[in-house]
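Q: I am new to this structure. Can you show me how to read its features, one at a time?

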Amino acid sequence: MIAEAEKRAREAEVTAWVTHKQADAIALPFEADHFDACRCERLFEHLHDPAKALSEMARVTRSGGWIVVLDSDWGSLSIDTIETDAERRYARFLAANIVNNGYSGRQLYRLLRRQGLMDVMVQICGIPFTDYAFARKAMIMDRAEREAVVSGALTGQDLDLLHAGWEQANGDAVFFASLSMILVAGRKP
Ligand SMILES: C[S@@+](CC[C@H](N)C(=O)[O-])C[C@H]1O[C@@H](n2cnc3c(N)ncnc32)[C@H](O)[C@@H]1O
């Protein structure tokens, strides 16, 4: 990925000011106050300690610089079906198991405020899914369903009913699911 990013930077003629480095988000290899601004996107949902990652972003950003974090709120996942009870258990299982920190999006306002950032602002962007095959892939639904049945969150019968409804909806071109992405920005004091 680094090699591909470097190639694209060369093609875009931005290598004079763009470099790519790999590092752990909770231990950034940069001096304090190094950058004018710092951002990440769909990173915090993977982290066990997102507050530490945010404090690292704040550390490496200069005073007055913007820090911008966009992340999923898997707790907002909603998939249209008449089987609403099973769907709620399904969505809850996905939020708790699909990534390490599935409720990351809704935590961002609290994290940025507690980090002491100024001028904190929020935008919420809803992602619609109308392609059933793409939704299954993007939300790793095959794996989630296997694990949900093993854990007892869903029964095989729940899944049969959900699948029948979603496949019917897909055939009728009316499949619909949605997920909220939460963007929060603030400036370092
Ligand atoms: C869903 S991807 C988003 C990547 C990027 N925002 C994009 O649009 O391509 C999540 C990324 O977080 C990275 N990641 C996960 N844990 C990390 C950590 N502790 N430190 C740094 N990166 C991490 C993964 O390697 C992956 O590239």
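Q: In which strand does Ile-124 lie?
A: This is a predicted model. Ile-124 lies in strand β3, which covers residues 118-129.

Q: Is Ile-124 buried or exposed?
A: Exposed means over 50% relative accessible area. Ile-124 has 59% relative accessibility, so Ile-124 counts as exposed.

Q: Which residues form a nonpolar patch on the surface?
A: Tyr-109, Val-122 and Ile-124 form that patch. Together they have about 300 Å² of accessible area.

Q: How many disulfides does the structure hold?
A: A disulfide needs two cysteine sulfur atoms within 2.5 Å. The structure holds zero disulfides. Take Cys-38: its nearest cysteine sulfur belongs to Cys-40, 7.1 Å away. For Cys-125, the nearest cysteine sulfur is also that of Cys-40, at 16 Å.

Q: Where is Thr-81?
A: Thr-81 is in the loop between β2 (66-79) and α3 (84-97). With a relative accessible area of 16%, Thr-81 is buried.

Q: What is Thr-81 in contact with, leaving aside its neighbours within four places in sequence?
A: Thr-81 is then in contact with Glu-87, Leu-162 and Trp-166.

Q: What lies 2.9 Å from a polar atom of the side chain of Thr-81?
A: The backbone nitrogen of Glu-83 does.

Note on methods: Residues numbered from 1 in each chain as written. Predicted model: local features only at pLDDT ≥ 70, side-chain atom pairs only at ≥ 80, totals over all residues. Heavy atoms only, no water. Helix = DSSP H or I, 4+ residues; strand = E, 2+ residues; numbered from the N terminus. Buried < 20%, exposed > 50% of the residue type's maximum accessible area, 1.4 Å probe, protein only. Polar contact = N/O pair within 3.5 Å; in protein donor to acceptor, adjacent residues only side chain to side chain. Contact = heavy atoms within 4.5 Å. Patch = residues over 30% accessible without salt bridge, like charges linked within 9 Å, V, L, I, M, F, W, Y side chains within 5 Å. Areas by Shrake-Rupley, 256 points an atom, 1.4 Å probe, with all protein chains shown as cover. Salt bridge = Lys/Arg side-chain N within 4 Å of Asp/Glu carboxyl O.
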